[in-house]
Amino acid sequence: HLVREVVQELSAVSPVFGMPWFETHDLMLPAHFELFRNLRRKWSSEPGKDRGEAAAITLAAANGWRIACDDGTGYRTAATPPASLCVVRTTRLVIGMVRATWLTPDEGWDGIEEMAKAGNRLGTIPWADRDEFGRLCADATFDSCPPQ
């Protein structure tokens, strides 16, 4: 599931979003718009900024979805009360993609290295070396969320 705001943000820069691997969802209910506005107000978002993070948190909260978030403010907001969502950063998402066989371990490792070299902030890297990365990719409990 992806919210329309995320698709709009990323489709211009990534050909991956041209492939039909996800469903696009819209904010529709009054409660959605209220939480969306409150998050952007809380973050002091400039016009047009933080829309994807706020929309993703809103729909994840409304539907009980796990959320992947690469933005530190969005991550902290999603992970802590009152939202307390199951949220993962990019590194854990890549491990999940390897486990789902969407990427090979080598592709996942190379992708993380490329993102780090490009200056992307990845948060805490949960492995020390390539071997530990491989072990985490094989550990189905590594990125599981606690029951809510």
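Predicted model: local features only at pLDDT ≥ 70, side-chain atom pairs only at ≥ 80, totals over all residues.
Local features need pLDDT of at least 70 and side-chain atom pairs count only at pLDDT 80 or more, while totals for chains, interfaces and linings use all residues, and side-chain values use heavy atoms, with hydrogens and water left out.

**Aromatic rings.** I looked up the aromatic pairs (rings of Phe, Tyr and Trp, the last by its six-membered ring, with centres within 6.5 Å; planes under 30 degrees apart count as stacked, over 60 as edge-to-face and the rest as tilted), and I found three. The ring centres of Trp109 and Trp127 are 6.4 Å apart and their planes stand at 45°, so I noted this pair as tilted. Trp109 belongs to α6 (residues 105–117) and Trp127 to the loop between α6 and α7 (130–138), so the pair ties together parts that are 18 residues apart in sequence. I also noted that Trp109, Trp127 and Phe133 form one aromatic cluster.

**Helix α6.** Helices here are DSSP runs (H or I, at least four residues), numbered from the N terminus. I then asked which residues of α6 are buried (under 20% relative accessible area, with exposed over 50% and partly exposed in between, for a 1.4 Å probe and protein chains only), and they are Gly108, Trp109 and Ile112. Seen down the axis of α6, these fall within an arc of 100° (taken from the directions from the helix axis to the C-beta atoms), so they line one face of the helix. The face turned away from that buried side carries the exposed residues Glu114 and Lys117.

Note on methods. Residues numbered from 1 in each chain as written. Helix = DSSP H or I, 4+ residues; strand = E, 2+ residues; numbered from the N terminus.
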